[in-house]
Amino acid sequence: MSEIRKLEAAFSSASVGAARHAEVTARLKDLLWNWENSRGHGPAGTGPFDDLDSATDEELFSVLDNELDTP
């Protein structure tokens, strides 16, 4: 877990512009999604937008909320 603490420290001290912040946020969300899905919490190797037809309304709105950073 020391790697996580190092990551937390790096983010605490980082100073980036809004555009770069959005890029990093999107990448972290992708990494988290892949981490969760590679651990048996979902199908590995697929992205959150790969199968929209089977997504519930709640799941779709959740993705939109996360992408648009709405509370």
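Tutor: Let us go through the labels in turn, keeping in mind that this is a predicted model.

Student: Which secondary structure does the chain have?

Tutor: The chain has three helices and zero strands, in the order α-α-α from the N terminus on. Of its 71 residues, 1% count as buried.

Student: Why is Met-1 called exposed?

Tutor: Its relative accessibility is 73%, and exposed means over 50%, so Met-1 counts as exposed. You will find Met-1 in the segment before α1.

Student: What makes the nonpolar patch, and where does it lie?

Tutor: Met-1, Ile-4, Leu-7, Phe-11, Leu-28 and Leu-31 form it on the surface, with about 580 Å² of accessible area together. Two elements, α1 (2–13) and α2 (18–37), each give two or more residues to the patch. The largest share, three residues, comes from α1.

Student: How do you know that Arg-20 forms a salt bridge with Glu-23?

Tutor: The closest N and O atoms of the pair are 2.9 Å apart. The cut-off is within 4 Å, so Arg-20 and Glu-23 qualify. The count for this model comes to one salt bridge.

Student: What separates Arg-20 and Glu-23 along helix α2?

Tutor: They are three residues apart in the helix, which means about one helical turn separates them.

Note on methods:
Residues numbered from 1 in each chain as written. Predicted model: local features only at pLDDT ≥ 70, side-chain atom pairs only at ≥ 80, totals over all residues. Heavy atoms only, no water. Patch = residues over 30% accessible without salt bridge, like charges linked within 9 Å, V, L, I, M, F, W, Y side chains within 5 Å. Areas by Shrake-Rupley, 256 points an atom, 1.4 Å probe, with all protein chains shown as cover. Salt bridge = Lys/Arg side-chain N within 4 Å of Asp/Glu carboxyl O. Helix = DSSP H or I, 4+ residues; strand = E, 2+ residues; numbered from the N terminus. Buried < 20%, exposed > 50% of the residue type's maximum accessible area, 1.4 Å probe, protein only.
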